[in-house]
Amino acid sequence: MTFSCSIDNEENINSYIEVLPIVSVSMPEYFEHGETYQIDITYLAPTNCHYFNDIYYDLEGNTSHVAILNTVVDNGNCETTNLEDQTSFNFEANTIGLHIFKFWQGEDENGQDMYLLMEVTVE
């Protein structure tokens, strides 16, 4: 049995991953060691062609780097929306002491990364 599919104007669709700035974060003021906590993130989706893909998460010692990854499917008809969207991830408090979260908020006029820094104590 053979199946086929045709997508009109397939050659005119440009798809890529884009890192989006985080607008705000909601999480507890402190964590208890060994517990898991949901961290809620609000980010800005600039067009109706941006679709949530994943959360970039990198742990270095007691510092977590977090960013939002969107897939952009640009067929030439994208409209600017600048709508806030939300997602979340779970953080497992495995180490006692101060934990620093660096939520990516874009780049400044000099191309330097900007972060929303949040420090939370794990007790």
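Contact, as used in this report, means heavy atoms within 4.5 Å. The structure is a predicted model, in which local features need pLDDT of at least 70 and side-chain atom pairs count only at pLDDT 80 or more, while totals for chains, interfaces and linings use all residues. Residues are numbered from 1 along each chain as its sequence is written, and side-chain values use heavy atoms, with hydrogens and water left out.

## Overall architecture

The chain contains zero helices and nine strands, and its elements follow the order β-β-β-β-β-β-β-β-β along the sequence. Helices (H or I, at least four residues) and strands (E, at least two) are DSSP runs, numbered from the N terminus.

The radius of gyration of the chain is 18 Å, whereas a compact globule of 123 residues would have a value near 14 Å. This quantity is taken over C-alpha atoms, and the globule rule is 2.2 Å times the number of residues to the power 0.38. The C-alpha trace spans about 55 × 50 × 25 Å along its principal axes.

Of the contacts between residues at least 6 apart in sequence, 64% join residues at least 24 apart. Buried residues make up 29% of the 123 residues, where buried means under 20% relative accessible area, exposed over 50%, and partly exposed in between (1.4 Å probe, protein chains only).

## The nonpolar core

A nonpolar core is a set of buried Ala, Val, Leu, Ile, Met, Phe, Trp, Tyr and Cys residues joined through side-chain atoms within 4.5 Å. The largest such core has 20 residues, of which Phe31, Ile39, Ile41, Phe89, Phe101 and Phe103 touch the most other members. Two or more residues each come from strand 2 (22-26), strand 4, strand 6, strand 7, strand 8 (97-107) and strand 9 (113-122). Strand 4 gives the largest share, five residues.

Residues up to four places away in sequence aside, Ile41 touches Ile22, Ser24, Ile55, Val66, Ile68, Asp85, Gln86, Thr87, Phe89 and Phe103.

## The disulfide

One disulfide is found in a search of the whole structure; the term denotes a pair of cysteine sulfur atoms within 2.5 Å. The bond joins Cys49 to Cys78, with an S to S distance of 2.0 Å. Cys49 lies in the loop between strand 4 (36-47) and strand 5 (50-60), and Cys78 in the loop between strand 6 (63-74) and strand 7 (80-92), so the pair ties together parts that are 29 residues apart in sequence. The torsion about the S-S bond of Cys49 and Cys78 is about -110°, so the disulfide is left-handed. The two partners are listed below with other selected residues.

| Residue | Relative accessible area | Class |
|---|---|---|
| Cys49 | 6% | buried |
| Cys78 | 28% | partly exposed |
| Thr71 | 17% | buried |
| Thr36 | 46% | partly exposed |
| Tyr56 | 39% | partly exposed |
| Asn82 | 42% | partly exposed |

## Selected strand residues

Thr71 belongs to strand 6. Its side chain makes a polar contact of 2.7 Å with that of Asn53. A polar contact is a pair of N or O atoms within 3.5 Å; within protein, one must be able to donate a hydrogen and the other to accept it, and residues adjacent in sequence count only if both atoms are side-chain atoms. Not counting residues up to four places away in sequence, Thr71 touches Ser15, Tyr16, Ile17, Cys49, His50, Tyr51 and Asn53; among these is Cys49, a partner in the disulfide.

Tyr56 lies in strand 5. With residues up to four places away in sequence not counted, Tyr56 touches His65, Val66, Ala67 and Leu69. Tyr56 and Glu123 are 67 residues apart in sequence, and their C-alpha atoms are 26 Å apart in space.

Thr36 is found in strand 4. Leaving aside neighbours within four places in sequence, Thr36 is in contact with Asn90, Phe91 and Glu92. The C-alpha atoms of Thr36 and Leu83, which are 47 residues apart along the chain, are separated by 29 Å.

Asn82 is placed in strand 7. Its phi is near 45°, a positive value in a residue other than glycine. Most residues other than glycine have a negative phi.
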